[in-house]
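Please look over the model below before reading on.

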Amino acid sequence: MDMTTREKKEILLKYRSTVREIEWLEREIQKWRSQAERMTASYHAAPASGGSNRRSIEEAVEQIDKLIRRFMDYQSDLIRTRGMIENAIESLRDPVLQEVLQMRYLDGLSFHQIAGKLGYSDRHLVRLHRAALEKMSLNVLYEL
C-alpha cells in the first residue's frame, strides 16, 4: 500500500522532532551533571553530617542515569530512522529533489533557507518539495 504525501511528511517531521528531543536531553544531562558536581563540591566542603546533601547527590545521579538511558533509546531510533530516510531520499532520481528533502528534513532548514541556498523562489521550492514527496517511497517506514 502506498503512503500519502501527508503520511510521508509526518514520518519525516517525526525525525526532526526526535532530533530536537535528543538535543534537549543533551542539555538536560549537562545541567544535571553540573548540579551534581556543585553538590559534590559542597558535600566535601561541608561538615561530616551532610546526610541530606548525600541524598541530593544520589537523586541527581539517578536522574542523570535515567536521562542517559532515554537518550540512548532515542539515539538508536534516530540512527535507524535516518538510515531509512536517507535510502528513500537517495531513491529519487533527481538530485535537486534529493537536496530539497535532505536540507529540509535531515538538516532541519526552513523552506525560505533552502530556497535561498538553491536560488529558487519560496513558491517554487514548495512545488519542488511537494514533487519530491510524491515521488519518494517511504513504504519501508510503515513499521515505525
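**Briefing on the predicted model**

The largest cavity has a volume of about 30 Å³, where a cavity is a set of points, on a 1 Å grid over the protein atoms alone, at which a 1.4 Å probe fits but cannot get out, and where the volume is the space filled by probe spheres set on the points, which are joined across faces, edges and corners. This is a predicted model in which local features need pLDDT of at least 70 and side-chain atom pairs count only at pLDDT 80 or more, while totals for chains, interfaces and linings use all residues. Residues are numbered from 1 along each chain as its sequence is written, and side-chain values use heavy atoms, with hydrogens and water left out.

**Cavity**

- The count comes to 1 cavity of 30 Å³ or more.
- The lining of the largest cavity consists of Ile11, Lys14, Tyr15, Thr18, Asp77, Leu78 and Thr81, lining residues being those with an atom within 4 Å of a point.
- Helix H1 (5-45) and helix H2 (51-90) each supply at least two residues of that lining, and the largest share, 4 residues, comes from H1.
- By residue class, the lining of the largest cavity divides into 3 nonpolar, 2 polar and 2 charged residues.

**Overall make-up**

- The chain has 5 helices and 0 strands, helices being DSSP runs of H or I with at least four residues and strands runs of E with at least two, numbered from the N terminus.
- Of the 144 residues in the chain, 31% are buried, meaning under 20% relative accessible area with a 1.4 Å probe and protein chains only.
- Among contacts (heavy atoms within 4.5 Å) between residues at least 6 apart in sequence, 70% join residues at least 24 apart.

**Helix H3**

- Helix H3 (residues 95-106) has 12 residues and reaches 15 Å from its first C-alpha to its last, close to the 16 Å expected at 1.5 Å a residue, a span taken as 1.5 Å times one less than the number of residues.
- The buried residues of H3 include Leu97, Val100, Leu101 and Tyr105.

**His129**

- His129 is found in helix H5 (residues 122-135) and is buried, with a relative accessible area of 4%.
- Not counting residues up to four places away in sequence, His129 touches Lys9, Val100, Leu101, Arg104, Tyr105 and Phe111.
- The side chain of His129 makes a polar contact with the side chain of Tyr105 at 2.6 Å, a polar contact being a pair of N or O atoms within 3.5 Å, one able to donate a hydrogen and the other to accept it.

Definitions and conventions:
1 Å grid on protein atoms, 1.4 Å probe; cavity = no way out; pocket = protein on both sides within 12 Å on 5 of 7 lines; lining within 4 Å. Nonpolar A, V, L, I, M, F, W, Y, C, P; charged D, E, K, R; others polar. Buried < 20%, exposed > 50% of the residue type's maximum accessible area, 1.4 Å probe, protein only.
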